[in-house]
Amino acid sequence: MITEITASMIGSYKRCPKRYELEYIHDLKPVTASEALTIGTNYHANVEKILKHEEYDHEGLSGKMAEAFEKYIDWKDWKALAEQEFRIRISRGIYLKGKLDAVTSGGVPVEHKTTGQYSLEKYIAHLAYDDQIAIYMLAAKSTRAVYTIIQKPTIKQGKSETEEKYLERVSEWYTPEHVLSVNVYRTAGELKAKCDEVVYLTQQIRKTKMFWRNPNTCALTSCPYASICLNYEPQMQTVGFTTKERRNEELCKY
């Protein structure tokens, strides 16, 4: 039996097994993406084009964020290959797969993150506990990763302000303190422990017949599946959700 797992699947299961069931067993997704997700997706697409030395979309908030990335991140020194997918065997019958935002010429994985947090220091401190970092390091066989972090503008558009004027203010608002590049490290022992954890969780997912809810997560964060969590019936049409074309739509190759 072969099981393929991604960092997103592991994260979903650890947050709430019920969410994992809806997202990766029933393969449901919201019909409408949130504004934050749309901005993040467009920003990533722009950064990918920057790394490829291609023209990108300068329009809108995601365009101004990409301009700040191009201006303040020393991305040219990476000589990076953008958007690299991977599939590696981590145990008998278990394969880890995913997509790196980029890989430097030295084999170091690069990830791009956006955040609405007012304090980038707090966001950076959280990286010490981030599963995705270790998983991507496992894939790249690297004990170092580069994370670029861009803060979403904390300034708001005025009621009588045009979008053009607001975006001009956004461009002026961006300074080096709002766009950072940090190195994150894991020891070989930490990466081995993370690999063992992913194998264990994958084995648990294989065997489970009960995808229970985690009410603690519900209380702390908003969940895109909250509207159907308590009353989902596979036989009935689910308003606001559609079936994914494939389990991991973010991947093309695997």
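Which residues are exposed on the other side of α7? Select E164 and E172 and you have them: both are exposed there. Exposed here means over 50% relative accessible area, buried means under 20%, and partly exposed lies in between (1.4 Å probe, protein chains only).

Before you go on, two notes on the model. This is a predicted model in which local features need pLDDT of at least 70 and side-chain atom pairs count only at pLDDT 80 or more, while totals for chains, interfaces and linings use all residues. Residues are numbered from 1 along each chain as its sequence is written, and side-chain values use heavy atoms, with hydrogens and water left out.

**Stop one: helix α7**

Select residues 163-173, which make up helix α7. Helices are DSSP runs of H or I with at least four residues, strands are runs of E with at least two, and both are numbered from the N terminus. Now colour Y166, L167, V170 and W173, the buried residues of α7. Look down the axis of α7: these buried residues fall within an arc of 110 degrees, so they line one face of the helix. That arc is taken from the directions between the helix axis and the C-beta atoms. An α-helix has 3.6 residues a turn, so residues three or four places apart point the same way.

**Stop two: a negative patch**

Together with E163 they form a negative surface patch. Patch members have over 30% relative accessible area and no salt bridge, and like charges are joined within 9 Å. Asp and Glu count as negative, with the charge placed at CG of Asp or CD of Glu. The areas come from the Shrake-Rupley method with a 1.4 Å probe.

**Stop three: salt bridges**

How many salt bridges does a search of the whole structure find? There are 16, each defined as a side-chain nitrogen of Lys or Arg within 4 Å of a carboxyl oxygen of Asp or Glu.

Begin with K97 and E4, whose closest N and O atoms are 3.0 Å apart. This pair links distant parts of the chain, with K97 in strand β4 (residues 94-103) and E4 in strand β1 (residues 3-5), 93 residues apart. K97 is buried at 6% relative accessible area, whereas E4 is partly exposed at 30%.

Next, pick K52 and E48, a salt bridge with its closest N and O atoms 3.0 Å apart. Both ends are partly exposed: K52 has a relative accessibility of 40% and E48 has 21%.

Then move to E83 and K99, which meet in a salt bridge at 3.2 Å, N to O. E83 sits in strand β3 (residues 81-91) and K99 in strand β4, so the pair ties together parts that are 16 residues apart in sequence. K99 is partly exposed at 25%, and E83 is partly exposed at 23%.

**Stop four: backbone angles**

Keep E83 in view and check its backbone. Phi of E83 is near 50 degrees, a positive value in a residue other than glycine.

Where does K79 lie? Select the loop between α4 (60-72) and β3, and you will find K79 there. Phi of K79 is also positive, near 50 degrees, in a residue other than glycine. K79 is exposed, with a relative accessible area of 61%.

Technical notes. Patch = residues over 30% accessible without salt bridge, like charges linked within 9 Å, V, L, I, M, F, W, Y side chains within 5 Å.
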